[in-house]
Every structure is written in structure tokens, then in C-alpha cells.
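Please open the model in your viewer and keep the sequence panel beside it. The tour below moves from one selection to the next.

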Amino acid sequence: MKNDKMKQQYRVNEQIRVREVRIVGDNGSTVMPTRDALNMAREQGVDLVEISPNANPPVCRLIDYSKFLYQQKKRAKEMKAKQVKVEVKEIRFGPQTDEHDYQFKLKHAKEFLEEGNKVRAYVFFRGRSILFKEQGEVLLLRFANDLEEYGKVESMPSLEGKKMFLYLAPKKAGVAKKSQQARDREASAQDAKENTKPAAQEVDTEKPANGGLLANAKISADALKKLTETEEE
């Protein structure tokens, strides 16, 4: 069935009824009358295949038609294999979801986004719980903020019937953006690390030649004794 559909996409040999065509090949392209192109195809034992009917003049190739269809099928298969199938994963909350359940679902959402899937999170309001729709919106906004390193918001929380939806799309692999809070923590840690380096170096420089804690203790004892003798005088 697929081969039949592919055959219908291309005209071949006598099906090509324009006055002239452009023949393309490894050596470039040549415009010639269609009749001459058909004679050339017969001489080479191949087919005249129209590959670009909308061009002026239409573009054709001299190739075995069966081989041409095989190449097209193989190319389509390779392109399909390269396409990433994006699925939409759902995460459901209640308007009063507890912290443990929230963290559990947050973990799954991170995994979905890292795998390249989209996430549709929603809060379901049952009965009179619709009165807590503001609480549901806050929950979804928190959810989006906690996932900012993994996904981007496609649409803000919106109420549809008894459900409030939030849509998240995955960020590109390897370029996840760190939150400002995470960047601030890293910067503070780096500053603290740099500030402690000079002190450590100074201690190492002042360390006595005979080294160790015993040497420091002996120096302190000698200094205390000298100070005591000075006071007695």
C-alpha cells in the first residue's frame, strides 16, 4: 500500500508530457526536450523519473524506477527514525495535596521532562472544592517554579471546567538553566572558598620548622612563661 502511494507521487517515462525537462545527475544539470530525455533513458536501460514537477522546467533523473523508490523509502524511514516522539505526561493534584505527595509527583515530572516529554499538570476540583481554585493556582505556579531547570511554561494555569491546567515543555538536553537561587548558592560557596584560601596559606607559612601541634604548644608555653616573668619584674 505504501509503495502504491509512493508510485503515485512521481510520473515516469511516457507519463511525463511536458515539452522539455531538466536532467540532473552527478555531472550537473541539462535542459533538453522530453523526447530526447526518454531516448537517453532507453539507451542507458533506465527510467526517466520526474522528481520536481513544480520546477520550470520539471526536474527529472535518469535512474531505475525500482531503485529510486527503494531510495525514497529508505530515506523516509531514516527521517522517521530521527524524529523524537514527544509524549504528553499527566500529573494530577488535588487542591490540598500534601507535601509528601507533591514531592513524589515533582520527581516524576522531572523525569518526564528530562526524557523529552511534555507535562500537563492539573488540579482537579471535586464538588465544593472549587472554592479553593486560588489554592490550586498557587500549587501549579509553585510546581512550575520548582521545574524551571527542566522545563518551560507553555501556558499559565487556566481553569477548564473542574480542572485547572498547566502545560510544561522540556528544555533542550544539556542546556538546562539553573535557577537564580541555585546560582546564588554556588556564588556564595565559591566566595567562601576563596576567602578561606589566604588564611590556610598563612598558617602553613608560619608553621615552625620542627612542625606539628607539639611545636605550637611548646611555643605557646614559652611565650606564657616569658610574659609571667615580665609581670613579676
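What follows is a walk through the fold, its strands, its rings and a few places in the loops.

**Before you start**

This is a predicted model, in which local features need pLDDT of at least 70 and side-chain atom pairs count only at pLDDT 80 or more, while totals for chains, interfaces and linings use all residues. Residues are numbered from 1 along each chain as its sequence is written, and side-chain values use heavy atoms, with hydrogens and water left out.

**The whole protein**

Begin with a cartoon view, in which the protein has seven helices and eight strands; helices (H or I, at least four residues) and strands (E, at least two) are DSSP runs, numbered from the N terminus. Of the 233 residues, 25% count as buried, where buried means under 20% relative accessible area, exposed over 50% and partly exposed in between, with a 1.4 Å probe and protein chains only. If you switch to a surface, the protein exposes about 17400 Å², and carbon and sulfur atoms supply 50% of it; these accessible areas come from the Shrake-Rupley method with a 1.4 Å probe, and for residues only the protein chains shown count as cover. Among contacts with a separation of 6 or more, 57% come from residues 24 or more positions apart, and contact here means heavy atoms within 4.5 Å.

Select residues 88-93, which form strand β5, together with residues 118-124, which form β6. The two strands run parallel and are joined by six bridges, where two strands pair if DSSP finds at least two bridges between them. To find a position along this pairing, select Lys89, which stands opposite Val119 in β6.

Next select residues 163-170, strand β8, which pairs with β6 in the antiparallel sense over six bridges. Which residue of β8 is the bridge partner of Phe124? The partner is Lys163, and Lys163 also lies over the face of Tyr122, at 4.9 Å from the ring centre. A charge sits over a ring if NZ of Lys or CZ of Arg is within 6 Å of the ring centre and within 35 degrees of the ring normal. For another example, select Arg142, which lies over the face of Tyr102 at 3.9 Å from the ring centre.

**The aromatic pairs**

Show the side chains of the aromatic residues, as the structure holds seven aromatic pairs. Rings of Phe, Tyr and Trp (its six-membered ring) pair if their centres lie within 6.5 Å, and planes under 30 degrees apart count as stacked, over 60 as edge-to-face and the rest as tilted. Select Phe93 and Phe143, whose ring centres are 5.1 Å apart and whose planes stand at 75°, so the pair is edge-to-face. This pair links distant parts of the chain, with Phe93 in β5 and Phe143 in helix α5 (residues 133-146), 50 residues apart. Phe93 is buried, at a relative accessible area of 2%, and Phe143 is buried too, at 0%. Then move to Tyr10, Tyr65 and Phe68, which ring pairs link into a cluster.

Select Met32 in strand β2 (residues 28-33), a buried residue with a relative accessible area of 13%. Leaving aside neighbours within four places in sequence, Met32 is in contact with Glu20, Val21, Ile23, Ala37 and Met40.

Thr34 is in helix α2 (residues 34-44) and, at 4% relative accessibility, counts as buried. Beyond residues up to four places away in sequence, Thr34 touches partners including Ile16, Val18 and Leu48.

**Stops in the loops**

In the loop between α1 (2-9) and β1 (20-25), select Asn13, which has a positive phi of about 50° although it is not a glycine. Is Asn13 buried or exposed? Asn13 is buried, with a relative accessible area of 19%, whereas Gln15, at 45%, counts as partly exposed.

Finish at Pro57, in the loop between β3 (47-52) and β4 (59-63), where the peptide bond from Asn56 to Pro57 is cis, with omega near -5°.
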